[in-house]
Amino acid sequence: MAKIFCIANQKGGVGKTTTTVNLAAGLAKVGQRVLMIDLDPQGNATMGSGVDKRQLKLTVYDVLLESASITEARVTSDKLIAGGCSYDILGANRELTGAEVELVDVERREKRLRQALDPVQHEYDFVLIDCPPSLSMLTLNGLCCAHGVIVPMQCEYFALEGLTDLVNTIRQVHANLNRELAIIGLLRVMFDPRITLQQEVSEQLKSHFGSKVFNIVIPRNVRLAEAPSYGVPGVLFDPSSKGAQAFIDFAREMVERIGTL
Ligand code: ATP
Ligand code: MG
């Protein structure tokens, strides 16, 4: 049965999508069966996996509205297949913005994704869900079906602000909707060790959150930022780059961890 992880942080631009697609590609590279779900109407994880969001016939929106199953809506990417790190993609585009409003009167609307995942969960080792930068109904759908949350963070002055809201939301979901949900870990991303402030915040994180901070640190690396414009994860775009290597190590760590979850 797949382990399901949300990559979430309601702060924008902190590296959620970069983490999702590179972890997915890294896991695929080490032989794991992966489904990536794009829960963000921006569709960046979809595009960053080499799938044109404008061409998609069915997306996660149709799945949430129960007009399609995941089996019908998931796609693969030629670029990922050619690169030897293929994972399945349940894509998203702007249409998903409407889901929030359309589901407003629906009972158990926060459990829609969970129900849809049930029949396909056994086909994968990992399901990774890229959440939007908000604590909306979409993120809630992700949290309701996940075993754990991975929180990418930049080690900047305001990094800890907002983390309280995320932690409280996760606690509430755990208490009321999904007893399995746990914070798997905080992932330091876009890290530049030459910047003293980043080192200080990193130390603060470790003293506050202890073992909940992943040992692996994702460096700031321009190859990771360039990759999306080629429609591939950095892990495939430049496998020897420092950023790609860090994500491969992270994928290995996750494989080891699921044995211990
Ligand atoms: P949003 O909240 O809008 O969904 P996000 O949290 O998903 O954003 P990303 O889109 O992954 O964040 O990253 C924001 C920007 O930072 C992107 O331009 C991305 O290419 C760049 N970026 C992410 N990680 C790194 C890194 N390790 N090194 C360099 N650039 C990075
Ligand atoms: Mg994103």
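Visitor: Which residues in α8 are buried?
Guide: In this predicted model, the buried residues of α8 are Met-137, Leu-138, Thr-139, Asn-141, Gly-142, Leu-143, Cys-144 and Cys-145.

Visitor: Switching to ligand 1, where does it sit?
Guide: Ligand 1 sits in the largest pocket, where 18 residues surround it, the closest being Gly-13, Lys-16, Thr-17, Thr-18 and Asn-221.

Visitor: What polar atoms are around ligand 1, say from Thr-17?
Guide: A polar atom in the side chain of Thr-17 lies 2.8 Å from an oxygen atom of ligand 1, while a side-chain N or O atom of Asp-40 is 3.5 Å from an oxygen atom of the ligand. With Asn-221 it is a backbone N or O atom that lies 2.8 Å from a nitrogen atom of ligand 1.

Visitor: How much of ligand 1 does the protein bury?
Guide: Taken alone, ligand 1 exposes 630 Å², and the protein buries 80% of that.

Visitor: Which elements supply the shell around ligand 1?
Guide: At least two residues of the shell come from each of α1 (16-29), β7 (213-219) and α11 (222-226), and α1 gives the largest share, with 3 residues.

Visitor: How do the shell residues divide into nonpolar, polar and charged?
Guide: The shell around ligand 1 holds 7 nonpolar residues, 7 polar residues and 4 charged residues.

Terms used:
Residues are numbered from 1 along each chain as its sequence is written. Chains are lettered from A and ligands numbered from 1 in the order in which they are written. This is a predicted model: local features need pLDDT of at least 70, side-chain atom pairs count only at pLDDT 80 or more; totals for chains, interfaces and linings use all residues. Side-chain values use heavy atoms; hydrogens and water are left out. A residue is near a molecule or strand if one of its heavy atoms lies within 4 Å of it. A polar contact is a pair of N or O atoms within 3.5 Å; within protein, one must be able to donate a hydrogen and the other to accept it, and residues adjacent in sequence count only if both atoms are side-chain atoms. Accessible areas come from the Shrake-Rupley method with a 1.4 Å probe; for residues, only the protein chains shown count as cover. On a 1 Å grid over the protein atoms alone, a cavity is a set of points where a 1.4 Å probe fits but cannot get out, and a pocket is an open set with protein on both sides within 12 Å along at least five of seven lines; lining residues have an atom within 4 Å of a point. A molecule sits in a cavity or pocket if more than half of its atoms lie within 2 Å of its grid points. Helices (H or I, at least four residues) and strands (E, at least two) are DSSP runs, numbered from the N terminus. Ala, Val, Leu, Ile, Met, Phe, Trp, Tyr, Cys and Pro count as nonpolar, Asp, Glu, Lys and Arg as charged, and the others, Gly among them, as polar. Buried means under 20% relative accessible area, exposed over 50%, partly exposed in between (1.4 Å probe, protein chains only).
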